[in-house]
Every structure is written in structure tokens, then in C-alpha cells.
Amino acid sequence: MLRKVFPHPLLSVSLWLIWLLLNNTVSFGHMVLGALLATFIPWFTSSFWQEKVQIHKPWLLVKFVAIVIYEILVANVVVAKLILTRQEKLQPGFLHVPLELKSPVAIGLLANTISLTPGTVTCDLAEDEKSLLIHALHIEDAEATVADIKNQFEKPLKEIFD
Amino acid sequence: MLDIILSILIMLGGFFTLVGSLGLFKLPDFYMRLHGPTKASTLGVGAVLIASAVYFSTSTDEVSLHEVLVTLFLFITAPVSAHLMAKAALHIRVRQDKRTLNKSDQ
């Protein structure tokens, strides 16, 4: 019964929280209105969510977010230095990152994380969904860059979603 | 004291946004220029938003959490738009700088 009313509990909870944040309030009226929206929006958008999103290890997700924020900070400083000081010596290039992830949500999150980290942008997903094409602003060691992405981002995502 | 921390945060945000724009202006090809805005929109806007959240939470009675949402939406949309531009550029075969490693087949 509960499953029928809330086919995507995670989505419902996030929608409810986002509604309260949007209104910057915790008043009773908005809690009810938010609950209504959190119930109905997943119904209407259910065709977008054909596969169930399951988070196996929520704590790992929190840790993953922390790692990503830290990486963004570090990469920001590195890329700022590159742009300001060594612009002529930059070595841009394309890289293939082979994927072990299967779930579309996990692949999407990995692609977004790569784009969010300064210095790398996800350009394309191979048609067989087995590798990502990314563009890097400066490559010192191609293999190490790919290994970094796989270790830091793909491994935790695999544990969380696959 | 708080004022000083907030000023530092805003200066930091301004600095990274400036470097991002410089990169957008000076780098040689489209793909490299794409890296400028992704930078500016993470740490640059992030620092300004933290400053804003702290300032409005301390100077008024209410806790200001709109900034959390702005960050959330930004972090969802910025990489998607960067990805779509890169994909479109590959599709119409935008010129790639001659230094580029493993040039994508043109």
C-alpha cells in the first residue's frame, strides 16, 4: 500500500525538503502542501523513473559528497594556477574512461561529477555505455588521470548504486 | 570578525570567477574555454553563496537557507549544460587546438 502511494520514496522526501527550503519555512501549511506535491509529482513523472533508484550505503554517499567537494576545491586552485601562469604550456586532450557502472543513475552522477570538477568535462557516453569520453584541460599523465577518476569517483558510486 | 571572514569569502568568490572568465577569454579552443565557466560556477559562486547564507542568517532573525537550494540547482544544471555544449561541439566538429592529445576524429 505504502509502496503504491510513494513509488519513489527518495524522490518524495527530496521534493518535500526542497519545497520547504524554497519557502524558507517550517510552517504547518507548507508542510502539508509540500507533502501533497511530494505525493503527486512522482506519480506524474513515473515514466521518467523506469528503474528503481536504490542507495545501498547511505553513509558512503555522504562520504562521496565530501570527497567531491574536497576535489572541487583542490582542482579549482590547480586550474586557476594553470590558467594564470602556464597557459602556453597547457596540454589539453581527450581521454577514454572505461566504465564498470551499470545503473544509468550512477553513470549520470559520475559524468556530472567529472564535469563539476574543474579541469575535466564529460563530452560523450559511448553507445554501448561502456566508456566515457572526457576532455581535460591539462594532462600530465593520462593513465594516472583516468585511474584517479576511477578510484575516487567510480568506486564509491559502484558500491552505492550497483 | 565575522565581517572580515565574509569579505574574504566574497573576494575569493570574485577572484575565482575572474580567473574563470579570463580562461573563457584567453584559452585557444572551444573545449578548453569550456573549463572556465565550470570553474567559476563551483568555487566562485559557492564562496559567494556561503557568505550570503551566513550574512543573512546572522543579520536577520531568520535562518537563510535559499542559498543551499541555489547551490543544489547550480550543481545539477552546470555540468549538464557543459556536457551538452561539449557534445554539440563534437557533433559539428568544432576546431580542436593543435596541441590536443588523442584528437577526437574530425
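**Close-up views of a predicted two-chain model**

**View 1. Helices α3(B) and α4(B) cross at roughly 175°, and their axes come within 10 Å.** The model shown here and in the other views is predicted. Angles over 145 degrees count as roughly antiparallel, and α3(B) and α4(B) are therefore roughly antiparallel to each other. On the α3(B) side the contact consists of B:Thr38, B:Ser41, B:Val45, B:Gly46, B:Leu49, B:Ser52 and B:Ala53. These meet B:Glu67, B:Val70, B:Thr71, B:Leu74, B:Ala78 and B:Ala82 of α4(B). By class, the contact of α3(B) with α4(B) has seven nonpolar residues, five polar and one charged.

**View 2. The contact between the chains takes 31 residues from chain A and 34 residues from chain B.** On the side of chain B that touches chain A, the elements giving two or more residues are α1 (2-26), α2 (30-33), α3 (35-59) and α4 (66-91) of chain B. Helix α4(B) supplies the largest share of that side, 11 residues. The residues of the chain B side comprise 17 nonpolar, 10 polar and seven charged.

**View 3. The largest nonpolar core holds 41 residues, and those touching the most other members include A:Val97, A:Leu110, A:Val121 and B:Ala86.** A:Ala106, A:Ile134 and A:Leu157 also belong to the group that touches the most other members. Helix α3(B) gives the largest share of this core, six residues. When residues up to four places away in sequence are not counted, A:Ala106 touches A:Leu101, A:Leu157, A:Lys158, A:Phe161 and A:Asp162.

**View 4. Helix α5 (residues 104-116) of chain A crosses α6(A) at roughly 150°, with the axes coming within 10 Å.** That angle makes α5(A) roughly antiparallel to α6(A). The crossing of the two helices, α5(A) and α6(A), is right-handed. From α5(A), the residues in contact are A:Val105, A:Ala106, A:Leu109, A:Leu110, A:Thr113 and A:Ile114. Their partners in α6(A) are A:Ile149, A:Phe153, A:Glu154, A:Leu157, A:Lys158 and A:Phe161. Nine nonpolar residues, one polar and two charged make up the contact of α5(A) with α6(A).

**View 5. Helix α4 (residues 58-85) of chain A packs against helix α6 (residues 142-161) of chain A at an angle of about 165°, with axes 10 Å apart.** α4(A) and α6(A) are therefore roughly antiparallel to each other. The crossing in which α4(A) passes α6(A) is left-handed. α4(A) contributes A:Leu60, A:Leu61, A:Lys63, A:Phe64, A:Ile67 and A:Glu71 to the contact. α6(A) contributes A:Gln152, A:Pro156, A:Leu157, A:Glu159 and A:Ile160. The residues of this contact divide into seven nonpolar, one polar and three charged.

**View 6. A:Val68 lies in helix α4 of chain A.** A:Val68 has 19 other C-beta atoms within 10 Å and is partly exposed. A:Gln152 is 84 residues away from A:Val68 along the chain, while the C-alpha atoms of the two are separated by 8.5 Å.

**View 7. A:Glu143 is located in helix α6 of chain A.** A:Glu143 counts as exposed because it has 9 C-beta neighbours inside 10 Å. A:Cys123 and A:Glu143 are 20 residues apart in sequence, and their C-alpha atoms are 18 Å apart in space.

Methods: Residues numbered from 1 in each chain as written. Chains lettered and ligands numbered in written order. Predicted model: local features only at pLDDT ≥ 70, side-chain atom pairs only at ≥ 80, totals over all residues. Contact = placed C-beta atoms within 7 Å. Helix = DSSP H or I, 4+ residues; strand = E, 2+ residues; numbered from the N terminus. Nonpolar A, V, L, I, M, F, W, Y, C, P; charged D, E, K, R; others polar. Core = buried A, V, L, I, M, F, W, Y, C linked by C-beta atoms within 7 Å. Buried ≥ 20, exposed ≤ 12 C-beta atoms within 10 Å, placed from the backbone. Axes fitted to C-alpha atoms, helices over the stretch in contact; angles between N-to-C directions. Parallel < 35°, antiparallel > 145°, perpendicular 65-115°, else oblique. Left-handed = near helix turned anticlockwise from the far one by under 90°.
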